[in-house]
Amino acid sequence: MGLVDRGRLPAPLTKLFNIGRSYSMWVYQWGLACCAIEMGAAFGSPRYDVMRLGVIPLPASPRQADLVVVSGTVTDKMAPAVKRLYEQMPEPKYVISMGSCANCGGPYWDSYSVTKGVDQIVPVDVYVPGCPPRPEALLEGVVLLQQRIKHEDMGARWRGEGFKPIVRESEPIVVGGGPIE
Amino acid sequence: MTMLSERQQMSYIASQAADARLNVELETEGMTLNIGPQHPATHGTLRIIARLDGEQVVWAEPSAGYMHRGYEKLTEVRTFPQVTALINRIDWLGSFANEVPFILAAEQLMDIEAPPRAQHIRTILFELSRIANVSLFLGDLGVQMGAVTPVFMAFRDREYVLNLIEGATGGRFHPNFDRIGGLKDDLPKGWLDETRQVMKKLRNFCDEIEDLLFGNEIFQSRTRGIGVIPADVARQYGLSGANLRASGVDWDLRRDQSLPLAYDKVDFRVWTHPDGDSWARCWIRLQEVREATKIVDQLIETLPPGPVMTKVPRIIKVPEGEAWVSTENPLGEMGYYVVSKGDLGPFRVKIRSASFNNISITPWVLKGVYVPDIITILASLYFILGDIDR
């Protein structure tokens, strides 16, 4: 993948790779609190069935994962572990912040022990609001992330520079804020 | 102490041997194993530090606090109706059950009582949240031992219960439906018929799980005689709920306490098991789901007419005083000690949650067990991290 690292991939090939990457995401379930159960319902239950979207919720370790779903309250005691987990993941890596607690602190906005937002520790690609969000909301977050990956400059992501669009500028996605297409 | 079975004796001898081995001449080198804070088997973020001698645990300690969200302090800066929204999230699988003891304590202080219909509906929703909680436990139990099918079945049938809770309260997960003096709303049309059908489905689910999981030879050999807790030890450590009943102690707050809930109007059996091992704890919970479906069935037959809310002032000020109310939640005894100084919010709330006491027995029960059994014992003790750390 030397071409990708140097950012010299031809545009049609980038598009092809992006389609392949967006439909084979291995997602690590970083379940922390209440949202973990809704994430389990979205990823592990027959009713919602995330695998039809091309997402595989099986990796037992963050080292095998492309996407991590931080679902639930991140406390100050847990924050170093979240950071370490994120650093263990190989590039390119994506983060979905699920639930109000992970987004901004949620009902614990004035608590002394809760980190107000996981985006203080790791960069977040998609925010899914709700307390907890319904499984459908998480699935929409996954679909929006897939749309985003399709418009991404792969080289920048490989070099660890984060999201750089090849088509247009884009902010972090909030589910319910409309599609980015 | 009651007569020990052969399995209990063996478990006791193994723990004694593990203690003694540290002193013998040919001492093997110990190893410290860290499980967690994030581990699929810990239902959240519990960390267990275990010192091993070979394959046997000689010392183990849970390290809690990774999910500490400061509920007791937060309740001091919230008003009484706001506290209900907060304490929903303590035991996140049985949310409605968390609200009830707090609301009852506040009602006790205000010296009011909910109308009979509200008490009935409260009890129905209480039992529904118990079913939602424990059915996920039954599914999750298989995952801890390498069987993936039960969790799919649990999620499949749990969705029906969540639909019922959502239909009645509007909230799928955290209803926040209980009010001081009654309930927010009455039940919607057609809800009772749907409930009857869902309860049938849940009883079928219990039969399926009993055949598939409890009848499985591997499951039995991994849980029978493992993690034995005798009755007196269980009492000393303050276990409650199914963990205590599995040790043969006949103790259930639903039956033993007279609270303004509708439990005195229904006929149900409190199951106990003499063994006290992992299998007994799982089996008791399975029976509890069955009993809960029967309680719901009886309650919807005898649902009285009338209002669901008494007259309460628009701005709720709770008079000065102290109240302690505890109920039999899905995980065990959960209680709130509410101190009010006559303000809009409570002055101090002490939360007694079941899992904190249930998990405090792990240093005792994990001593002498083998490493793979740590997971099954923890799974059978059944704790929820929000309930431990609060």
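Visitor: Where is A:Pro132 found?

Guide: Helices (H or I, at least four residues) and strands (E, at least two) are DSSP runs, numbered from the N terminus. In this predicted model, A:Pro132 lies in the loop between β5 (126-128) and α6 (135-150) of chain A. A cis peptide bond, with omega about -15°, links A:Cys131 to A:Pro132.

Visitor: What conventions apply to the numbering and the values?

Guide: Residues are numbered from 1 along each chain as its sequence is written, and chains are lettered from A and ligands numbered from 1 in the order in which they are written. The model is predicted, with local features needing pLDDT of at least 70, side-chain atom pairs counting only at pLDDT 80 or more, and totals for chains, interfaces and linings using all residues; side-chain values use heavy atoms, with hydrogens and water left out.

Visitor: Which phi does A:Asp49 have, positive or negative?

Guide: A:Asp49 has a positive phi of about 50°, although it is not a glycine. This residue sits in the loop between α3 and β2 (55-56) of chain A.

Visitor: How many residues does the contact take from chain A and from chain B?

Guide: Contact means heavy atoms within 4.5 Å. Chain A gives 32 residues and chain B gives 33 residues.

Visitor: How is the size of an interface expressed?

Guide: The size of an interface is often given as the accessible area lost when the parts come together. Buried area is the accessible area (1.4 Å probe) that two parts lose on being put together, summed over both. Here chains A and B bury about 2700 Å² between them, 59% of it on carbon and sulfur atoms. On the side of chain A, A:Ile37, A:Lys77 and A:Tyr108 lose the most area to chain B, together 21% of what that side buries.

Visitor: How many salt bridges does the rule find across the interface of chain A and chain B?

Guide: A salt bridge is a side-chain nitrogen of Lys or Arg within 4 Å of a carboxyl oxygen of Asp or Glu. The rule finds four across this interface. B:Arg172 and A:Glu38 meet through their side chains in a salt bridge (2.7 Å, N to O).

Visitor: Which element gives the most to the side of chain A that touches chain B?

Guide: The elements giving two or more residues to that side are β1 (25-31) and α3 (34-44) of chain A. The most comes from α3(A), with six residues.

Visitor: What order do the strands of the open sheet in chain B have?

Guide: Two strands pair if DSSP finds at least two bridges between them. The three strands have the order β6-β7-β8 (chain B), with antiparallel pairing. The edge strands, β6 (321-329) and β8 (348-352) of chain B, each pair on one side only.
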